Amino acid sequence: MSTINYSEKIPNNVNLSEDRTLQRALEHWQPNYLQWWRDMGPEGSNSFDVYLRTAINVTPEGWANFDYVKMPDYRWGIFLAQQDENRKVNFGEHKGEAAWQEVPGEHRANLRRMIVTQGDTEPASVEQQRHLGLTAPSMYDLRNLYQINVEEGRHLWAMVYLLHKHFGRDGREEAEALLQRQSGDANNPRILGAFNEKTPDWLAFFMFTYFTDRDGKFQLSALAESAFDPLARTTKFMLTEEAHHMFVGESGVSRVLQRTAQVMNELKTDDPQKVRAAGAIDLGTIQRYLNFHYSVTIDLFGADQSSNAAIFYSSGLKGRYEEGKRTDDHVLKGQTYKVLEVVNGQLIEKDVPMLNALNEVLRDDFIKDSVAGVQRWNKVLEKAGIPTRLTVPHKAFNRQIGALAGIKMSPDGRVVNEAEWAARKSEWLPTPDDFAFVASLMGRVVDPGKFAGWIAPPVMGINRQPVDFEYVRFG
Ligand SMILES: [Fe+2]
Ligand SMILES: [Fe+2]
């Protein structure tokens with residue numbers, strides 16, 4: 001068990017004090033990070049005492065430490081999962097060789113790009129969620145938002161550590177640039193599309209943490225297989241933090257559904273206008289939010305066919321989800337995988353070399369995992385006796401990246417013409433009216449134990465505290 005040294009300016013379990021150059025570089029970056037947090041982190045929150053968890057060691061149980069913390073004083077730092085001295089590369093052309101402790105020259109540019117791309121998503125999500133604290137539906141939810149925000153901040157630290165430690169001057173410049181790009185900025189946006197979208201309200205936040213943090217889980221899992229051992233160890237520890245983010249999303253949407261179903265049953269109606277008039281979110285709006293967040297998130301996996309994906313895998317930089325549990329040869333030469341394409345207005349499947357389709361493989365793993373949670377949401381409706389069910393839209397719906405980009409497709413998977421798309425888009429994706437309605441529900445409810453009328457309370461509190469615990473002290 002590797003314990004984290006909190007006596008240092010930058011908490012770490014990588015013996016930072018023995019590497020003076022690196023320590024100086026990171027101490028130089030730290031004030032810029034804190035400035036970014038003050039400028040772009042959760043609005044108006046710097047003086048609050050928040051009941052947050054901080055890791056004390058890097059096992060999953062290491063998360064047991066809860067206390068009140070002012071967020072700018074959160075102990076961000078550098079925590080890598082335990083090293084396995086005998087670790088071997090378990091896929092690609094270097095399969096069976098010892099894992100790399102240093103970056104091989106020929107893979108330097110690709111590894112740097114992968115680390116920067118992952119790193120860029122972390123501060124982006126904090127920026128996207130910056131204003132949500134002002135409209136929290138409860139003190140419990142507010143605390144969960146802040147917990148996610150500080151952990152995304154730490155994920156940025158994790159990637160910046162790798163850049164500083166292994167990529168010299170280029171790495172230091174990239175680390176600065178991670179604090180300069182800004183989500184949604186016209187001139188200097190974040191790298192990936194979904195991280196420039198707005199997260200305007202708490203329904204969007206729950207959908208984001210359910211779907212888009214789950215993209216994080218799959219990307220981090222693939223990087224946790226990397227032959228470059230420091231990247232594997234860093235991302236492995238980040239995964240322990242990601243689980244809570246997805247829990248917030250899944251349970252958040254469940255609680256919204258629970259409240260909606262309750263209102264529908266009380267009023268004996270499925271009329272969306274009546275549900276709205278009673279202050280709950282109608283199921284149609286929830287489905288449209290789901291369609292949007294799902295489709296934007298599956299774009300994050302990239303083009304369905306990609307020669308880069310093949311290079312990343314064959315050279316050992318990025319594996320598949322649960323690479324170690326798969327029973328094939330882990331080299332994948334000569335194997336094929338099915339991808340979708342539209343030919344003459346018809347959606348067809350075609351076989352392509354699997355190595356080129358690894359983005360699609362990861363996307364399909366994500367889809368399976370996402371669908372499981374949507375089924376758990378449907379259980380809430382089923383239990384309440386509501387016949388409506390939520391579904392994830394077809395993989396080709398509303399895509400902007402890859403062979404399916406720009407194809408007009410209904411959520412149930414029919415290629416539609418421009419006229420039908422234009423006529424029915426408002427049934428399938430959130431409309432300005434939906435956003436305005438959800439926004440109208442967003443008031444600030446932060447008395448302990450009180451909840452906004454559009455969401456049910458959780459079954460239990462955080463760290464076995466009661467639901468009406470004082471999770472945030474406003475001071
Ligand atoms: Fe993250
Ligand atoms: Fe996350």
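A crossing of two helices is called right-handed if the near helix is turned clockwise from the far one by less than a right angle, and left-handed if the turn is anticlockwise. In the predicted model described here, the crossing of helices H6 and H10 is right-handed.

Three strands form an open sheet, in which the order is E2-E1-E5 and the pairing is antiparallel. Strand E2, residues 65-70, and strand E5, residues 472-473, stand at the edges; each has a single partner strand, so one side of each is left without a neighbour in the sheet. Strand E1 comprises residues 49-54 and pairs with E2 in the antiparallel sense over six bridges. Within this pairing, Tyr51 stands opposite Tyr68 of E2, and Leu52 is placed opposite Asp67 of E2. The pairing of E1 with E5 is likewise antiparallel and runs over two bridges. Here Val50 stands opposite Val472 of E5.

Two packed helices are described by the angle between their axes and the distance between the axes. For H3 and H6, the axes come within 10 Å and cross at roughly 170 degrees. Because angles over 145 degrees count as roughly antiparallel, H3 is roughly antiparallel to H6. Divided by class, the contact of H3 with H6 contains seven nonpolar, seven polar and two charged residues.

Helix H6, residues 229-267, also packs with helix H10, residues 358-383: their axes come within 9 Å and cross at roughly 25 degrees. Angles under 35 degrees count as roughly parallel, and H6 and H10 are therefore roughly parallel to each other. From H6, the contact is made by Glu250, Val253, Ser254, Leu257, Gln258 and Ala261. H10 contributes Gly373, Arg376, Trp377, Val380 and Leu381. By class, six residues of the contact of H6 with H10 are nonpolar, three are polar and two are charged.

How values were computed
Residues numbered from 1 in each chain as written. Chains lettered and ligands numbered in written order. Predicted model: local features only at pLDDT ≥ 70, side-chain atom pairs only at ≥ 80, totals over all residues. Pairing = 2+ DSSP bridges. Helix = DSSP H or I, 4+ residues; strand = E, 2+ residues; numbered from the N terminus. Axes fitted to C-alpha atoms, helices over the stretch in contact; angles between N-to-C directions. Parallel < 35°, antiparallel > 145°, perpendicular 65-115°, else oblique. Contact = placed C-beta atoms within 7 Å. Nonpolar A, V, L, I, M, F, W, Y, C, P; charged D, E, K, R; others polar.
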